[in-house]
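Reader: I'm new to this structure and would like a close look at one part of it. Could you walk me through the open spaces and the side-chain contacts around them?

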Amino acid sequence: MNIVIIGSGNVAYHLSKAFTQQDIPISQIFGRNDEKLQGISEELGIPYSTHQLAEADLYLIAVSDHAIEEVSELIKNPEALVAHTSGSFPREMLKGSYRKACFYPLQTFSMYQDLDYRKIPFFLEAENENDLDLLTTLASSISDNVMESSYEKRKYIHLTAVFACNFVNHLFARAQEISDSQEIPFSYFLPLIHETLDKINTLPPKDAQTGPAVRNDFRVLQLHEKLLKGTPLEIYKTLNQSIKEMYEL
């Protein structure tokens, strides 16, 4: 089976690397960024192009969500299977007469950051059982966590990921702003962060909650609010209110 990966960003790089590590050949990686594609090509030994899309049995479109439709129009082979890697959009956004699917890896990707691909969940969707079986076999070659998922469920998977990953990381960034303002190394908070993450391996997050809001400690809450202003103050109030509502305080 000839496989072409379209994209030059983080997802395209990691999919290419994951397949290469399992000796699954990639016929081509295609995209617009010549510098990034050349780097991926040199590291993984995959041919690349910025102007001539190779013929393939399977195209994996790993581009930003807003570019999926435009990129999908480049594929003219009606016999091909085409899958995007988005968590937010249906397979029907692919524009072509080929067979359509979704190949969604649930992970945050950074270029050249090492990952254990076997732990990454993949959520798959296809128009027919044969294509689903093909994608399942492919995903299972690099991951131990593969399951079928409808578009309706996949939307909630991605929404959950935004809360669990993107929002949490933003709070880390806001926390570092506070620590930097007081010339306190943010690295001092890493053991606390690691312990918080470790706890939810054995406890439901709701049971692991600590802090002044769940203790209903008004004096500490008011003290913290006096130290903040602007957006950080609004975030602090909003999150504490959410905690109080969850625990009916």
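Author: Here is a walk through the pockets, the cavity, the ring pairs and the salt bridges.

First, some ground rules: this is a predicted model, where local features need pLDDT of at least 70, side-chain atom pairs count only at pLDDT 80 or more, and totals for chains, interfaces and linings use all residues. Residues are numbered from 1 along each chain as its sequence is written, and side-chain values use heavy atoms, with hydrogens and water left out.

Let's start with the pockets. On a 1 Å grid over the protein atoms alone, a pocket is an open set of points with protein on both sides within 12 Å along at least five of seven lines, while a cavity is a set where a 1.4 Å probe fits but cannot get out; lining residues have an atom within 4 Å of a point. Grid points are joined across faces, edges and corners, and a volume is the space filled by probe spheres set on the points.

The largest pocket holds about 2600 Å³ of space. Its lining is made of 48 residues, and Leu 171, Phe 172, Gln 209, Leu 239 and Ile 243 lie nearest the centre. Elements giving two or more residues to that lining are H5, helix H6 (190–199), helix H7 (205–208), helix H8 (218–227) and helix H9 (230–246). Helices here are DSSP runs of H or I with at least four residues, strands are runs of E with at least two, and both are numbered from the N terminus. H5 gives the most to this pocket, with 15 residues. Sorted by class, the lining has 30 nonpolar, 13 polar and 5 charged residues. For that sorting, Ala, Val, Leu, Ile, Met, Phe, Trp, Tyr, Cys and Pro count as nonpolar, Asp, Glu, Lys and Arg as charged, and the others, Gly among them, as polar.

The second largest pocket has a volume of about 1000 Å³. It is lined by 44 residues, with Val 11, Val 63, Thr 85, Gln 107 and Phe 109 closest to its centre. Two or more residues each come from H1, helix H3 (68–72), S6 and H5. H5 gives the most here too, with 8 residues. This lining divides into 22 nonpolar, 16 polar and 6 charged residues.

A search of the whole structure turns up 1 cavity of 30 Å³ or more, and the largest cavity holds about 30 Å³. Around it sit His 14, Leu 15, Ala 18, Phe 109, Tyr 117, Ile 120, Phe 122 and Ile 142. Helix H1 (residues 10–21) supplies the largest share of that lining, 3 residues. By class, the lining has 7 nonpolar residues, 1 polar and no charged.

On to the rings. Rings of Phe, Tyr and Trp (its six-membered ring) pair if their centres lie within 6.5 Å, with planes under 30 degrees apart counted as stacked, over 60 as edge-to-face and the rest as tilted. By this rule there are 5 aromatic pairs. In one of them, Phe 19 and Phe 103 have ring centres 6.5 Å apart and planes at 40 degrees, so the pair is tilted. Phe 19 is in helix H1 and Phe 103 in strand S6 (residues 99–105), so this pair ties together parts that are 84 residues apart in sequence. Phe 19 counts as buried because its relative accessibility is 0%; buried means under 20% relative accessible area, exposed over 50%, and partly exposed in between (1.4 Å probe, protein chains only). Phe 103, also at 0%, is buried as well. Ring pairs link Phe 19, Phe 103 and Phe 122 into a cluster, and Phe 122 is also one of the residues lining the cavity.

Last come the charges. A salt bridge is a side-chain nitrogen of Lys or Arg within 4 Å of a carboxyl oxygen of Asp or Glu, and the count comes to 10. Glu 69 and Lys 95 meet in one of them, at 3.9 Å from N to O. Since Glu 69 lies in helix H3 and Lys 95 in the loop between strand S5 (81–84) and S6, the pair ties together parts 26 residues apart in sequence. Back in helix H5, Lys 155 and Glu 152 form a salt bridge of 3.2 Å, N to O, and they lie 3 residues apart, about one turn of the helix.
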